[in-house]
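The sequence and structure are shown below.

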Amino acid sequence: MAFDELIHQPTRLRLVAYLARLGPDARVEFKKLKRDLGLTEGNLSRHLTKLEEAGYLRVEKGFVGRRPRTWVGLTGKGRDAFLAHVKELERLVKGEGT
Amino acid sequence: MSREEAKNLLYAAREGAALASRALDPFLARLLAVWGTVYALGYGLFPDSGGAWALLVVAGFALSFYLGGQEARHLRTGAGRKLALLWSAFGLDLFALMLAGGGLGSGRSLAINLLVALAWMGSGVVLERGGILLAGALFALANALFFALFPALYFPLLAGAGLLALSFGLFWGIRGLR
């Protein structure tokens, strides 16, 4: 049993799936993530905070030129939790769980 | 949790992954538009001018790497780094072919275009995008057929292919921005 209550929420699941698909050392700038996932700034921020608190994401702040930027990447812990969660969902869809 | 709910969640996960696999599309669309322009101008207006071609290719590479640098401000992935390496290697091969001297000629053009096709196919493999891999393979095939069957029309056909790539790049880029 590896259901993860945090990743279970559909928007967070989509967000983590997006980051997982980019690869282990990928990082995405906040605005691109917001645009690609079609989320509002507030909505995305809330989900990122929850996932970061759980250690599933790393959020880095920096500057490109004079502009402040926020970068987001999936941690190993986040990747493992996502893969285990998806495996569990697949098991359920195949009718192996309840 | 019901089976239906699990199915919907899996759909959400697949949708997220699909969005990520298209994350580099705006960049690739711009790249296609840049190189479509190089081909349309080069083969359409200056097919026999080595100097004009050298300028176009240098401008094309400078613009491509500038666009790559801009893209890296928003997204950094292992695939993106592999893509930069692959296109740098292709650029070096291209410059080596151009520095070898002599006119562009249709034989040398064919060699260069097969390298271009290989670079696009490699990009498809790196990005795990079957469509890009197929486009590269079709470009190689079209080149070989143009060269073998219509040698007199080889350059005009390549100019046409450039216009097609430019149009598709613009269409892909605009659609991707929606």
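How do the residues of the lining of the largest cavity divide into nonpolar, polar and charged? The lining consists of twelve nonpolar residues and one polar residue, with no charged residue among them. The model is predicted, and the description that follows should be read accordingly.

One cavity of 30 Å³ or more is present in the structure, and the space in the largest cavity comes to about 120 Å³. Lining this cavity are 13 residues, of which Tyr39(B), Trp53(B), Val57(B), Leu94(B) and Ile112(B) are the closest to the centre. Two or more lining residues come from each of helix 2, helix 3 (50-71), helix 4 (78-99) and helix 5 of chain B. The greatest contribution to the lining is that of helix 2 of chain B, which supplies four residues.

The largest pocket has a volume of about 710 Å³. Its lining comprises 26 residues, and those nearest the centre are Leu32(B), Ala135(B), Phe139(B), Ala161(B) and Ala165(B). The elements of chain B that give two or more residues to this lining are helix 2 (25-45), helix 5 (106-127), helix 6 (130-149) and helix 7 (154-177). By class, the pocket lining contains 19 nonpolar, five polar and two charged residues.

The two spaces are set out in the table.

| Space | Volume | Lining residues | Classes in the lining |
|---|---|---|---|
| Largest cavity | about 120 Å³ | 13 residues | twelve nonpolar, one polar, no charged |
| Largest pocket | about 710 Å³ | 26 residues | 19 nonpolar, five polar, two charged |

**Chain A**

Chain A contains five helices and three strands, arranged along the sequence in the pattern α-α-β-α-α-β-β-α. Along the principal axes, its C-alpha atoms fill a box of roughly 55 × 25 × 20 Å. The chain has 98 residues, of which 47% count as buried. Among contacts in chain A with a separation of 6 or more, 56% are accounted for by residues 24 or more positions apart.

Helix 2 (residues 10-22) and helix 5 (residues 76-93) of chain A pack at an angle of about 115 degrees, and their axes lie 10 Å apart. The crossing of these two helices is left-handed. From helix 2 of chain A, the contact involves Leu13(A), Val16(A), Ala17(A), Leu19(A) and Ala20(A), while helix 5 of chain A contributes Gly78(A), Arg79(A), Phe82(A), His85(A) and Leu89(A). Seven nonpolar, two polar and one charged residues make up this contact.

**Selected residues**

Glu29(A) belongs to strand 1 (residues 27-29) of chain A. Glu29(A) is classed as buried because its relative accessibility is 3%, against a limit of under 20%. With neighbours within four places in sequence left aside, the contacts of Glu29(A) in chain A are Arg69(A), Thr70(A) and Trp71(A). Glu29(A) is also in contact with Arg73(B) and His74(B) of chain B.

In chain B, Glu128(B) is located in the loop between helix 5 and helix 6. Its phi angle is near 55 degrees, a positive value in a residue other than glycine. The relative accessible area of Glu128(B) is 59%, and the residue is therefore exposed, the cut-off being over 50%.

Technical notes:
Residues numbered from 1 in each chain as written. Chains lettered and ligands numbered in written order. Predicted model: local features only at pLDDT ≥ 70, side-chain atom pairs only at ≥ 80, totals over all residues. Heavy atoms only, no water. Buried < 20%, exposed > 50% of the residue type's maximum accessible area, 1.4 Å probe, protein only. Contact = heavy atoms within 4.5 Å. Axes fitted to C-alpha atoms, helices over the stretch in contact; angles between N-to-C directions. Left-handed = near helix turned anticlockwise from the far one by under 90°. Nonpolar A, V, L, I, M, F, W, Y, C, P; charged D, E, K, R; others polar. 1 Å grid on protein atoms, 1.4 Å probe; cavity = no way out; pocket = protein on both sides within 12 Å on 5 of 7 lines; lining within 4 Å. Points joined across faces, edges and corners; volume = space filled by probe spheres on them.
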